Amino acid sequence: MTEPTGARVVSLDAFRGLTIASMILVNNPGSWSYIYAPLAHAEWHGWTPTDLIFPYFLFIVGVAIPFSFSRRLAEGTDRGRLFRHVVRRSLILIGLGLAMRAIPDFDVFDMRLYGVLQRIGLVYCAAAALYLWGSARVRWAVAGVLLLGYWALVAGDLTPDGNLGARIDRFLMGDRLWQGTWDPEGLLSTLPAVATSLLGIFCGEWLRSDRSGVKLSRGMWIAGAWLVVLGLAWDTVFPINKNLWSSSYVLFTAGTALLLFGAMYRVIDVKRLRGAWVTPLVIYGMNSIAVFVASGMLAKTLVRIRVGGDEGMPLSARLYEHAFRSWAGDYGGSLAMALAQVAFWLGVMWLLHRRRIYIKI
């Protein structure tokens, strides 16, 4: 997804890889009963490092859009043709998300339909359309309307069951939601998530400008600091909340993304300090969706396989108990098993990388 003019922005691949590796880490503990606080989501209002991961990926989706389309638009490629490609990719993402949920039971009339890949697909489609047919001024206006309009819509009751988004999701989906009565990837909260990718598009356009690398990274830091301040200020009246994808959350997470990405850009692409630490991140970043899907399906398989018959212990629990908890304890073993899975998938992606196999959508 990243094809900048002149040279690839390696830091964007690394940032994407860091995000995906972090997703695998927090999604695959040895035991959900033993998770260190920074590796768990905030219960409702507030945030932890884990709550930054998903918006970082949507921000990266936005950053990549100008790199993906600008050259082809300059060459005269029809916008409609590009958008048909966008729709195809979006439908594949949504389909993969549904397949991950359906397999192996295929209870399509009773399963949860929302999910991470479904949201990525919807947000990518909307953000790409706004890039293809909207000016920068239009995109800024849309981002403002989405954030302010969402605040106006949900203001008042911000409880898990009582907020407007949860009520809409229950009306549409009944109890087919992540928490039964509400869902963190619900329909209404997808609107401010689009603003997250729009902020990424602005960053991507900034990176494509003819400014020096030092000025580009400095600008990212300044913009990031301002967004963090604005997000924290908005938090006083509209709390930072990942499950609601609150407007303050959009600004705060985009700000921290700019600060981190700006630092990675300065080190990796400006100073070109590309030591051994960068390679694993790039390897993850260049097969990001593939490793996300594969790791999710393996995790589901390990839970499904029972050791000792149908009433026995899930294989994942047996691995945790005997391969990790036995020597690292409850919390340490849970973290060690998550890290082992990050290392395992790095090995798999490294083999693909050596053969230049990149699974694109």
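Is W245 buried or exposed in this predicted model? W245 counts as buried, at 0% relative accessibility; buried means under 20% relative accessible area, exposed over 50% and partly exposed in between (1.4 Å probe, protein chains only). Residues are numbered from 1 along each chain as its sequence is written. The model is predicted, with local features needing pLDDT of at least 70 and side-chain atom pairs counting only at pLDDT 80 or more, while totals for chains, interfaces and linings use all residues, and side-chain values use heavy atoms, without hydrogens and water.

View 1. W245 sits in the loop between helix 8 (213-235) and helix 9; helices are DSSP runs (H or I, at least four residues), numbered from the N terminus. Although W245 is not a glycine, its phi is positive, about 50°. S247 belongs to helix 9 (residues 247-270) and is buried, with a relative accessible area of 0%. Leaving aside neighbours within four places in sequence, S247 is in contact (heavy atoms within 4.5 Å) with L147, Y150, W151, W234 and F238.

**View 2. Helix 2 meets helix 3.** The axes of helix 2 (residues 53-74) and helix 3 (residues 79-102) come within 11 Å and cross at roughly 155°. Here, axes are lines fitted to C-alpha atoms over the stretch in contact, and angles run from 0 to 180 degrees between N-to-C directions. The two helices, helix 2 and helix 3, are therefore roughly antiparallel (angles over 145 degrees). F69, R72 and L73 of helix 2 make the contact with R79, L82 and V86 of helix 3.

**View 3. Helix 10 against helix 12.** Helix 10 (residues 278-285) packs with helix 12 (residues 315-354) at an angle of about 75°, their axes 9 Å apart. Helix 10 and helix 12 are therefore roughly perpendicular (65 to 115 degrees). Helix 10 brings P280, I283 and Y284 to the contact, and residues of helix 12 in it include W345, L346 and W350.

**View 4. D13 in helix 1.** Look for D13 in helix 1 (residues 10-27), where D13 counts as buried at 1% relative accessibility.

**View 5. A cis peptide bond at P104.** I103 and P104 are joined by a cis peptide bond, with omega about 5°. P104 lies in the loop between helix 3 and helix 4 (116-133).

**View 6. R356, after helix 12.** R356 is found in the segment after helix 12. R356 has a positive phi, near 55°, in a residue other than glycine, and is exposed, with a relative accessible area of 68%.

Definitions and conventions: Parallel < 35°, antiparallel > 145°, perpendicular 65-115°, else oblique.
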